[in-house]
Amino acid sequence: MKRSRKFAAGLSLAASTLALALAVATPAPAQTASAQPWMNPTLSPDQRAALLVKDMTPDEKLSLVHGVMALPFFFGGKLPEGAIGSAGYIPGIARLGIPHQQESDASLGVTNPLMIRPGDYATALPSSLLLAATFNTKIAYDGGAVVGQEAWAKGINVQLAGGVDLARDPRNGRNFEYAGEDPWLAGNIVGESIRGIQDQHVISTVKHYAINDQETGRNYVNSVIDEQAMRESDLLAFEIAIEKGQPGSVMCSYNLVNGAYACGNSHLLNDVLKRDWGYKGYVMSDWGAVKATDFAVKGLDQQSGEQLDKEVWFGAPLKEAIDKGEIPAARLTDMAQRILRSMFAAGLFDHPQPAPVFGDKGYDAAAHAEVAKAEAEEGIVLLKNEGGILPLAKSAKTILVVGGHADAGVISGGGSSQVVADPNQVAIAQGGDGMMAAFSKINYHPSSPLKALRAALPQTQISFDVGNYPEEVARKAKNADLVIIFATQWMGEGADAPNLNLPDGQNALIQAAAEANPHTVVVLETGGAVNMPWLDKVPAVVEAWYSGQKGGEAISDILTGASNPSGHLPVTFPASLDQYPRSGPLPGIDLPDGQQFDVSYDEGADVGYKRFIKLGMKPLYPFGYGLSYTSFSYSDLKVSGGDTLTVSFTVTNTGDVAGKAAPQVYLNRTPNEALKRLIGFSKVALKPGESQTVTLSADPRLLAHFDAKANTWSVAGGAYAVAVAQDAEDPGVSGSASVRARQIKP
Ligand code: BGC
């Protein structure tokens, strides 16, 4: 297992738990509109940033383009003046009314690394992968708004959220922080969550740009992928997320892409992001990802977590390079102006934050907990339900609950995105041995599925076995009407899983329970896809992912039918790892630290289900799959063409309970080739017997190929075949229409 320098630094950080000065005011806002014309809110963010940067000295500009990791270890136990303590800090400029930039992780809530803000905690949302499984952009927005509001109350104004790298390898330790394997789904979900954050006057990032698709050797891995393939896959996810969410910042990643470090990759930053996509915000580096001053000319605007780099490249060395004429002064102006533009656009100047308040103060914590619960309920996926064993019959007399620390809580993912809902109530914090403790603890949120089930089924006698001994579980399972077995898999930043097996002998435990009792329900709490060697022995499987601070209650509601499952897989669940292009040991796993290596993404844009379908491989469960306690039908399909495809159809709840359908529109064929792509999705709540018409128009880029030579999206003219389906393998109802040939400039 290789860890980044950040994680290495985290080693010693763990030792430092000094109390800090907390209440930190931002610099005084501007005094008069005439003295500070950029404070005129009727001007555009571009105009305001241009006016402001004109008044700045070179040193002032320089002060905006690099920042520290705001943890006291680096400052002899004291934070820099003005910092509240968080992942990063860039001081403001009082003379000009420029606020400090207080940066915090991440997409799942506002983190408090090393308890740097004593007593502070935040709402812990489910994993982003669970969020993607909701197929519901409104829930994504609502979750973003929760994060944004809490950040704002705590004095954070830059939230390092918006992870959107595609799940190319199911072992990637950070897949849980991302939104799955499809660019349209991931881009929309992440874009909406960014929009939710920024509507609270907090800048959000989108990250980690780009092709940061494994953690193993993340500082040295060179992602090799051709231009067309990346434009149609990982970069498309970023492009869509940026269009929808307008994030103030893009965080470039640790890895190299086609030979150049992502944060010094002129093609990715200058050509694609800033030129082709017209991105007006700023590029910040990941923490410790800058290697040289000339990254500034390659398109990087801000060096973050500078203590982790060899030098503060964007400090004195940048000044010197500008003085010597090696880097144009105009570049520094542009860097500062881009940062200011995002600050104006998100409202940092017009909505100054009050003095920060910590704990769950300054926002409606109960309402936020409900958002966390609603998200969990919609993202939990019912994978198998033979003989309608779920929802649990209220008449069951005895239930044995086994394993997964279900008596205490639900597991969460590790690393910089780890939110601790309430430090006084962490159910279990395992592992994180010695100096690695800070970032690799296995935290369980104190939301016990066992307790929730007991509350929901007071007539049923529910017993619990921790699941240490398969023999003991088998013995008890024989005497129960039904068994619910919880299995957990911890994933975290800085390391990938070596394989897709559930750890700690949990497969043997499930096997033993299933053999002893045919009414065994498995609840998985995993970072992504796992093997299920016992699948044909159990009648029901529920994928609950990392379900956040209300996960236990949400799981219980799904199991009892208080909530009807409506989550759908945002990643393929393979029959085995062998079905993936890289199924051997993780690339680079055995190389010495510091040695660069290539990972060739030869599957190109055929990520996940696209490759499964192209190669005719049968997964365990396909992308988009998910069951419900009701059933839905799709009918009256109308497909029209022209500039793009517009698909309209009727969704009907044909069962006898209310539920939510997640209709998915797939492209099956272009005029020239068989091509499977998700081109639209929706989430529709329906009462029994109720119908609704849904109309979706395809983003024309999803019908096109990217012509790398002409640097344009090229849509072939002719007939396009589509289907409205329940998942990527379902033939669904199909139709076709003719689309005219066109070129679309990115
Ligand atoms: C992670 C980022 C995170 C940053 C600041 C890095 O190690 O890759 O996702 O935002 O640290 O904590």
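Strand 2 (residues 86-90) is largely enclosed by the rest of the structure, because 5 of its 5 residues are buried, that is, under 20% relative accessible area with a 1.4 Å probe and protein chains only. Strands here are DSSP runs of E with at least two residues, and helices are runs of H or I with at least four, numbered from the N terminus. The model is predicted: local features need pLDDT of at least 70, side-chain atom pairs count only at pLDDT 80 or more, and totals for chains, interfaces and linings use all residues. Residues are numbered from 1 along each chain as its sequence is written, and side-chain values use heavy atoms, without hydrogens and water.

Strand 2 runs antiparallel to strand 1 (residues 68-70), joined by 2 bridges, and antiparallel to strand 3 (residues 101-104), joined by 3 bridges; pairing requires at least two bridges found by DSSP. Tyr89 of strand 2 is the bridge partner of Val68 and stands opposite Gln102 in strand 3.

Helix 6 (residues 183-198) has 16 residues, which should span 22 Å at 1.5 Å a residue, and its end C-alpha atoms are 22 Å apart, in agreement; the expected span is 1.5 Å times one less than the number of residues.

Around the ligand are 14 residues, with Asp105, Arg174, His208, Tyr254 and Asp286 nearest; a residue counts if one of its heavy atoms lies within 4 Å. Ligand oxygen atoms lie 2.7 Å from a side-chain N or O atom of His208 and 2.8 Å from one of Tyr254.

Key. A polar contact is a pair of N or O atoms within 3.5 Å; within protein, one must be able to donate a hydrogen and the other to accept it, and residues adjacent in sequence count only if both atoms are side-chain atoms. Buried means under 20% relative accessible area, exposed over 50%, partly exposed in between (1.4 Å probe, protein chains only).
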